[in-house]
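Hi,

Here is the model I promised to pass on. Have a look at it first, and then read my notes below.

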Amino acid sequence: MARDIQITFDCGDPAGLAAFWAEALGYRVQAPPAGFESWERALAAMGVPPERRNDASALVDPEGAGPRLFFQRVPEGKQAKNRVHLDVRAAPGLEGDARMAALEAAAERLVSHGATRIQRHEPAPPLGAGHIVLADPEGNEFCLD
């Protein structure tokens, strides 16, 4: 039996990191609770003080197919390389030069939104199709695949 999953990011700026991943994945910020036109109004009504209103953020797939992404503020920064990372499928069905060109275009777009380029891995047939490793604005590694 399949289960729904949520992917959680520990971070220093939940709203900022959520904005980056919304751009990277085509996701949107989860709507505020029913009866509220904005998260700001909902949090104020809940009595959340202004300095705590960026403690968390969540993104959802607008088509409802992908997992929910949750961003929670933690006091410590990133300490080491990720043991689990996301692969962003930026060139499905493409091979060779066309694949790498599509990955480069996606990398350039994400770098303009705060990503850091780490390394390009060239295609190595028969199993290696090539990919680009980036880090999000808080240093979490991910691959454009």
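Across the interface of domain 1 and domain 2, four residue pairs are in polar contact, with both partners at pLDDT 80 or more. On the domain 1 side, β1 (6–11) and α1 (14–25) each bring at least two residues to the face that touches domain 2. Helix α1 is the biggest giver there, with six residues. By type, that side of domain 1 splits into eight nonpolar residues, one polar and two charged.

Bear in mind that this is a predicted model, so please read everything here as coming from a prediction.

How much area do domain 1 and domain 2 bury between them? About 1,000 Å², with 70% of it on carbon and sulfur atoms. On the domain 1 side, Phe20, Trp21 and Glu23 supply 54% of the area buried against domain 2, more than any other three residues. In terms of contacts, 11 residues of domain 1 touch 12 residues of domain 2.

There is also one salt bridge between the two domains. Glu23 turns up again in a salt bridge of its own: its side chain meets that of Arg109, at 2.7 Å from N to O. As a reminder, side chains of opposite charge can pair when their charged atoms come close.

**The overall layout**

The domain assignment puts domain 1 at 6–73 and domain 2 at 86–144. Their centres, taken over C-alpha atoms, are 26 Å apart. The C-alpha atoms of the whole chain fill a box of roughly 55 × 35 × 35 Å along the principal axes.

For secondary structure, I get three helices and eight strands. Going along the sequence, the order is β-α-β-α-β-β-β-α-β-β-β.

On the annotation side, an unreviewed UniProt entry lists residues 6–144 as "domain: Glyoxalase-like". In the model, that span is 25% helix and 27% strand, and its end C-alpha atoms lie 20 Å apart.

**Two local details**

Searching the whole structure gives 11 salt bridges. One of them pairs the side chains of Arg53 and Glu40, at 2.4 Å from N to O. Glu40 sits in helix α2 (39–45) and Arg53 in the loop between α2 and β3 (56–60), so this pair ties together parts that are 13 residues apart in sequence.

The other detail is in the backbone. Which two residues are joined by a cis peptide bond? Pro125 and Pro126, with omega at about 10°. Most peptide bonds are trans, which is the reason I mention this one. Pro126 lies in the loop between β6 (116–121) and β7 (131–135).

Cheers

How values were computed. Residues numbered from 1 in each chain as written. Heavy atoms only, no water. Domains from an automatic or database assignment. Contact = heavy atoms within 4.5 Å. Buried area = accessible area lost by both parts, 1.4 Å probe. Salt bridge = Lys/Arg side-chain N within 4 Å of Asp/Glu carboxyl O. Polar contact = N/O pair within 3.5 Å; in protein donor to acceptor, adjacent residues only side chain to side chain. Helix = DSSP H or I, 4+ residues; strand = E, 2+ residues; numbered from the N terminus. Nonpolar A, V, L, I, M, F, W, Y, C, P; charged D, E, K, R; others polar. UniProt positions renumbered as here; feature names shortened; annotations may be inferred.
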